[in-house]
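Hi,

Here's the structure I said I'd pass along. Have a look at it first, and then read on for what turned up.

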Amino acid sequence: MVPISGPRPGTAVSGDSVLRGRVAVVTGAARGIGEALTRRLSAAGMHVALLGREAQTLHAAAASLRTPNLCFECDVTEPDALDEAARQVADRLGDASVVVANAGVAAGGPFRLTDAGLWRRVIDVNLVGSANTARAFLPQLTRTHGYFLQIDSTAAFGAAPMMSAYCASKAGAESFAQALRGEVEPDGIAVGIAYLHWTATDMLTGLDEHPVLRALRAHQPWFARRVHTSERVADWLAAGVERRAAHVYAPPWLRWCQPLRPLFPVLVTRVARREMRRMPAAGFAAGTGVMGVGGRADWEAYAASAGEGSAPPR
């Protein structure tokens with residue numbers, strides 16, 4: 001935890017946003033999309049709580065914000081830590097009006113070669129962690145008639161081989177958010193699901209190490225292959241937060257893919273089968289393991305605390 005900090009000298013906050021003066025909580029806020037979103041929400045006048053695993057990186061992200069903020073280093077798979085974070089947010093910033101379940105990790109490679117603990121960790125962070133986040137902050141969102149945004153992925157549209165844990169977790173997170181929406185709507189809480197496509201985060205830097213993912217992207221239309229910056233995606237997400245949108249698409253053209261979702265598993269399987277037949281089995285082992293700097297930081301911290309050693313599977 002770091003002390004609440006105020007606006008930086010010489011910065012201005014937009015005065016026309018309905019979000020101004022309200023409190024937002026963003027998990028996975030140390031880097032990438034989460035970090036970019038905290039800046040965007042702060043620029044809209046929100047007071048922001050940054051939750052994440054990397055204390056030093058969290059503090060650096062908070063230092064750039066324009067409005068009062070605080071950092072809380074915690075693991076979203078630990079309910080007690082999230083409960084304490086929720087208490088600190090309420091006491092020091094006020095009840096949250098917006099909660100963004102953004103924390104996520106990924107692991108690639110064949111299922112049979114992926115460390116079982118790592119596979120389970122992806123599910124725990126991406127799915128169970130989202131549920132833990134919602135459980136910790138629902139009392140505050142009930143009081144504020146707030147908005148819960150589940151960050152999801154087009155991985156929920158069609159599962160890709162070599163990404164079994166990530167795809168399973170994102171499909172599960174989507175279903176969780178859909179179920180939660182029906183339960184909390186009578187309390188005045190809105191639930192949104194954000195579908196993200198190719199985004200320039202550290203998680204994506206290992207894309208070319210995964211032959212099937214590389215092939216899937218290569219077979220997409222030119223506009224679907226485009227990689228968007230975290231800042232651009234944060235703009236789309238912030239606009240969805242302001243509208244309390246049931247669905248946020250980043251990029252926006254993804255909305256037109258929803259009616260076509262029954263076709264995606266067939267298309268993905270066809271491309272994947274062709275690629276897997278073309279390459280020897282040994283070729284798929286190279287990219288097995290944690291994807292991205294943030295994912296490695298999470299796995300190393302988790303493995304150390306669990307007594308499983310500090311070196312993550314590669």
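Before the counts, a word on terms: helices here are DSSP runs of H or I with at least four residues, strands are runs of E with at least two, and both are numbered from the N terminus. On that basis the protein chain has 9 helices and 9 strands. Do keep in mind that this is a predicted model.

As for the overall picture, the protein chain has 314 residues, and 52% of them are buried. If you take the contacts with a separation of 6 or more, 72% are between residues 24 or more positions apart.

How many disulfides does a search of the whole structure find? The search comes back with 0. Are Cys74 and Cys167 buried or exposed? Cys74 has a relative accessibility of 6%, and since buried means under 20%, Cys74 counts as buried. Cys167 is also at 6% relative accessible area, so Cys167 is buried by that cut-off too.

Leu260, Leu263 and Leu267 make a nonpolar surface patch of about 270 Å². One of them, Leu267, sits in helix H8, which covers residues 264-278. Leu267 has 44% relative accessibility; that lies between the 20% and 50% cut-offs, so Leu267 counts as partly exposed.

Cheers

How values were computed: Residues are numbered from 1 along each chain as its sequence is written. This is a predicted model: local features need pLDDT of at least 70, side-chain atom pairs count only at pLDDT 80 or more; totals for chains, interfaces and linings use all residues. Side-chain values use heavy atoms; hydrogens and water are left out. A disulfide is a pair of cysteine sulfur atoms within 2.5 Å. Buried means under 20% relative accessible area, exposed over 50%, partly exposed in between (1.4 Å probe, protein chains only). Contact means heavy atoms within 4.5 Å. Patches are made of residues with over 30% relative accessible area and no salt bridge: like charges are joined within 9 Å, nonpolar side chains (Val, Leu, Ile, Met, Phe, Trp, Tyr) within 5 Å. Accessible areas come from the Shrake-Rupley method with a 1.4 Å probe; for residues, only the protein chains shown count as cover. A salt bridge is a side-chain nitrogen of Lys or Arg within 4 Å of a carboxyl oxygen of Asp or Glu.
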